[in-house]
Amino acid sequence: MAENDIQLMAHLMRRAGFGASYEELERRAAKGYEETVEELLHPEDQPDVTMDVMRRYMHGWRDMNSVMSNQAYWTYRMVNSSRQLEEKLCLLWHGIFCVGDSKCMAANQILIQLNNFRKDGMGSFENLLMGLSKDPAMLYYLDNQLSHKEAVNENWGRELLELFSMGVGMDEHPNYSEDDVKSCAEAFTGWTIGNAIPRYPYGRYNNSFLYNQYDHSDENKTFLGESGNFNGDDIVKIIAKQPATARFIARHLYNYFVADEPQVPAWQTTPPRDPEAIRILENAYFDSGYEIRSMLRILFNSDFFKNARFTKVKSPAEVVIGTLRLRGDFTYPKPRIYDPALEIRYMGQDLLNPPTVEGWHTGKEWIDSGTLVERVNYTSGEMGDIDSPGIRSIIDRIAEKGDSISAEELLNGCLEMLGGYSLTEETRELLLDNAGKDGGISTKSDDFGELVGQTLQLIVSTQEYQFT
Amino acid sequence: MTSTKQDPVLVVLQLSGGNDILNTLVPYNDPLYIDNRPNVRIPTDQVIPINDKLGFNPNMAPLKPLWDDGKMAIVQGVGYPNPNRSHFRSMDIWHTCEPDKIAEEGWLGRAIRDLDPNKENVLTGVNFGRGLPRALAAPGVPVASVGSLETYGVLTSIEQEEKRSEALNIFSRMYSPTMGQGPVFDYLSQNGMDALTGADILATAPAKYSSSVEYGASSTSQYMRNIAQVHCAGLGTRILYTTAPYNSFDTHATQMTAHANLITDVSTMVTDFYADLKEHNASENVLLLVFTEFGRRVHDNGSGTDHGSGGAAFLFGDKVKGGLYGEYPSLEADKLLDGDLHFNNDFRGLYATILEDWLGLDAQPIVNGNFEKMDFIAK
C-alpha cells in the first residue's frame, strides 16, 4: 500500500496511542484508517491486558497501595494494552483532573479514579464531572471533606471551575466571579468521604463517597446567573451546558491530540490557533450530548488532524512508552519494569503525582536543558540494545533491501521503521556521513546490526525526534 | 565581561503554595489575631518576640541569631494591585512582573540576559529541581536546570568512551543553530547546546567541595547544598534558584502540623546554607531571597487557611540591613482588601531594589515600570 497510508497510520497511532511497530502499522493500514479509528473508539471490543501472569511476579500489584507500583503497572498497561486510546485518554484526564499522591498518600484510591477514567473517559463529560465530584481521592486532595456548612472550604469549588470545566475566561471575558466560586463551594458542602474499614489486620481498604446532609448548606445560591437551592449535582449540570465548558474541553482535546497550544492560563486571552477546528469540536460537544467519543471521532477523521504532523512535543510518557513499544520490550513479566516507570518521572511526568492541581506544563515546556538530556540519554541508551526484538526486526527489515545498500537506504530505512520521521538537510548530511563513511554497506556483515543501532541512536537524539 | 568571585550573587528560595504570614511573623498582641484564628493560631507564649507587637513562629528559632545579627530583613505586606488568589496565576505574576496579562519572560531570565548579554557563561543562571521556573525563562537565555548535580551529563548511556565521543561530536553539530525550522526547534537546539557546555562545567563542582555542615534530608535542603557547592566552585554563576516542593505551603487543612514542619525545614536549611557559605568564606557576595506567591486569609477555615493576599518576603546576607520593611498589614475589617490583608508595597519594588542595589542592573525594563525601592542593602 502507499507509503502515505503507513505514515498516516503512524501519525494516528502516535497520537491516539503510544506508537506502534512497523509491522503493526502495516496491518492497521491494510485494515483501513476509519476502521482503525472506530476500533480505537471502542476499547470495550478489545481484550483487556492479561494481568494474571504479571501479578504472579509483581506481588506488590495485589494491593496497589504505593505510587511506585502504580507507575510500574500503568507503564506496563500503556506498553501492552490493545485499548491504546483508552490509556491515552486516561492519561489526558489524569493530567486535567489532577490529584497528587504527595498529598493523598493513597495510590490505591487514585487507581480507582484512573479506572473510572478508563471506563467513562469516552462517555458524557457531565458524567465524568459527576463521578469526579464523588471521588474520594479528589475530595480529599481538594479538602472538600473539610468544607462545612459553617466553614466553607473553597478549594474544590474553585478548581472545579478554574481547571476542570470552564477555565478562568474565554474570548477575554471571565467565565465566573468570586461569588460564583463561593456559591459553588457552598453547594458542595456535605460532599465528603466515608471512613474505610481500618487497616489492621487485613490490609488497606478503600474509602467511599458519603453525602452528609447535616453539613450541607441548604440555602438559596446564585451560580452563573441561575438561582436556586443548589446541590452539587445541580452545579455540575449547569456547568456542563456552558459554552465555556465546550470551549475548554475542545481546546484540551485539540491541545492533546492535534497540536500544542499555549498553556491553559493563557486561554482567557489567547485565541485558539485553529478557531474553526475548535468550533467543530464545540458543536460536536453539544450535538452529541457532551460525548467525548463523538468529539474524538470527528477529530481523528478530520483534515486538521491528519495534516497536523509533528506539531506536538512528545510528553515523557510518549517518549518512554513509544520507545518500549518500538523495542518490543516488557511484553511479558520481566524484572525491572520500575526502571522505565522512573524514567517517565525523571523526564518531568510523575504519574499519579502531578506537581500541582494545575497538572503538567506540556508542549515545549516539557523541555529544558535538563529534561532534554534525560530524553536523549534514555532513548539513545535503549536504541543501542540491538538484541531487543523490535530493533532486531528493524535491522532485518532494512537488510531485506539487498546484500549491499547505500547510506541513503540505511538512513531512510531507519526513519521509515521509526514511524516516518524526516530530518533537516544538515542533520541528514551528518548522519549519512556517519553511516556511509566506508562506502557501500554490507547487510550480511557482523557489524551491520551495530551500524543500524548507531544510526537509530543518533536519530533519537535529534531535535526532530522530540516531536510527534 | 567575565565574572570574578566577588560579583554579587542572588540565591532565590521559592516557597510555593502561599505561606501564611500571620503564623510566620505573628502579631501576637493583636486581639484581632486571636479572634480571627480560633483554630489556627500560634499561642502567645510560644511566639519568639522581636518587638512588642510581632514575633517569630517558634520553629524559626534557628534563624533568630541571624535576625539578632542584623542579617535578616523582612518585607511585610508585599503584594500587587488586584491580588490574584490562584497559585499558578499569582506565582506567574511574581515570576513575570505582569499582573494584568500572561507573560512568558521571567524577571530573572531578563536579569541573566543583562548580566551576560554575550552569553559568555552558560552557567550564569542555574536552577535546581525539575523543569524550569518561569522566573528564569527568557528567549535565548540558557539556564541549566539540574535535577541531580552528581549525574548531570549528555549521552551518558553510551558507555564506550570512543563511541560516546563520536556521538557527542555529531550531537554538537546537529544542535548548532539552523535557520527556518521554527521557534520550538530553535528552542530545542539552544537547549541541546547549552546542556552540552553546562554539563561539562557543572561536573567539576562536587569534587571541589567539602564541608562540615550537614544539611537536612528534604529535597529542598539538598538543593540548597547543591547551590552552595556550585557557588563555592567559582563557576561564575550569578543567579541560583530552587523551590520548596510544589505547593507545600498551601495549608488549607491541618495547618498547625503542616506549617510547623515547613517552617522548621526552611529555617534549618537557610541557617545551614548561611553557615556553609561562611565556612567557605563565600558569604560576602551572596543575597538570599525567600518569597511566596500570596498570604492567606485572615480568618481560618477550621483547620487551615484559604488563599489570601499581602504576604511577606525575607532576605538574608552579610550585606543585608536587617529589620522590618514595609508595614504589617492591619487586621481591622475596614482596612482589609476584599477581605484579605492589604498589601502596602509592591513586589516589583522589592525586585527593583535587588536588581539595582545588589546586582547593579537597570530595573525598569525588567520589572516593567518604576516602583519604590527599599533600603535593605548596605552600600
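Q: How many helices and strands are there in chain A?
A: There are 24 helices and eight strands in chain A. Helices here are DSSP runs of H or I with at least four residues, and strands are runs of E with at least two, both numbered from the N terminus. Chain B comes to ten helices and twelve strands.

Q: What should I know about the model and its labels before going on?
A: This is a predicted model, where local features need pLDDT of at least 70 and side-chain atom pairs count only at pLDDT 80 or more, while totals for chains, interfaces and linings use all residues. Residues are numbered from 1 along each chain as its sequence is written, and chains are lettered from A and ligands numbered from 1 in the order in which they are written.

Q: What radius of gyration does chain A have, and what would a compact globule of 468 residues have?
A: For the 468 residues of chain A, the rule gives a radius near 23 Å, and the chain has 24 Å, which agrees. Along the principal axes, its C-alpha atoms fill a box of roughly 80 × 55 × 40 Å. Chain B, with 379 residues, has 21 Å where the rule expects a value near 21 Å, so that agrees too. The C-alpha trace of chain B spans about 70 × 45 × 40 Å along its principal axes.

Q: And burial: what percentage of the 468 residues in chain A is buried?
A: You count neighbours: a residue is buried if 20 or more other C-beta atoms lie within 10 Å of its own, exposed if 12 or fewer, and partly exposed in between, with C-beta atoms placed from the backbone. By that count, 53% of the residues in chain A are buried; in chain B, the figure is 55% of 379.

Q: Can we try that on one residue: why does B:Glu293 count as buried?
A: B:Glu293 counts as buried because it has 31 C-beta neighbours inside 10 Å. Its place is in the loop between β9 (286–292) and β10 (311–316) of chain B. For contacts, the test is whether two C-beta atoms, placed from the backbone, lie within 7 Å. Leaving out residues up to four places away in sequence, B:Glu293 touches B:Gly18, B:His87, B:Ser90, B:Met91 and B:Trp94. B:Asn84 sits 209 residues away from B:Glu293 in sequence, yet their C-alpha atoms are 9.3 Å apart in space.

Q: Which residues touch the most other members of the largest nonpolar core?
A: A nonpolar core is a set of buried Ala, Val, Leu, Ile, Met, Phe, Trp, Tyr and Cys residues joined through C-beta atoms within 7 Å. The largest one has 143 residues, and those touching the most other members are A:Cys414, B:Leu10, B:Leu288, B:Leu289, B:Ala313, B:Leu315 and B:Tyr351. Helix α8 (residues 255–279) of chain B gives the most to this core, with eight residues. Another core, of 104 residues, lies apart from it and includes A:Cys104, A:Tyr140, A:Ala244 and A:Ala317. Back to B:Leu288: beyond four places in sequence, B:Leu288 touches B:Val11, B:Leu13, B:Val270, B:Leu315, B:Phe316 and B:Gly317.

Q: How many residues of chain A are in contact with chain B?
A: 41 residues of chain A are in contact with 46 residues of chain B. On the chain A side, the elements giving two or more residues are α11 (155–162), α20 (369–383), α23 (425–435) and α24 (448–460). The largest share, nine residues, comes from α20(A). To sort by class, count Ala, Val, Leu, Ile, Met, Phe, Trp, Tyr, Cys and Pro as nonpolar, Asp, Glu, Lys and Arg as charged, and the others, Gly among them, as polar. The chain A side then divides into 14 nonpolar, 20 polar and seven charged residues.

Q: Which domains does chain B have?
A: Domain bounds come from an automatic or database domain assignment. For chain B, it gives domain 1 (9–152 + 211–367) and domain 2 (153–202). Their contact takes ten residues from domain 1 and eight residues from domain 2. The domain 1 side has eight nonpolar, two polar and no charged residues. The C-alpha centres of these two domains of chain B lie 34 Å apart. Chain A is divided into domain 1 (63–292) and domain 2 (389–466), with C-alpha centres 45 Å apart.

Q: Last one: what is the strand order in the open sheet of three strands in chain B?
A: Strands of a sheet pair through backbone hydrogen bonds, either parallel or antiparallel. Two strands pair here if DSSP finds at least two bridges between them. The order in chain B is β2-β4-β3, with antiparallel pairing. The edge strands, β2 (25–26) and β3 (48–49), each pair on one side only. Two bridges join β3(B) to β4 (residues 55–56) of chain B, and B:Ile48 has B:Phe56 as its bridge partner in β4(B).

Key
Rg over C-alpha atoms; globule rule 2.2 N^0.38 Å.
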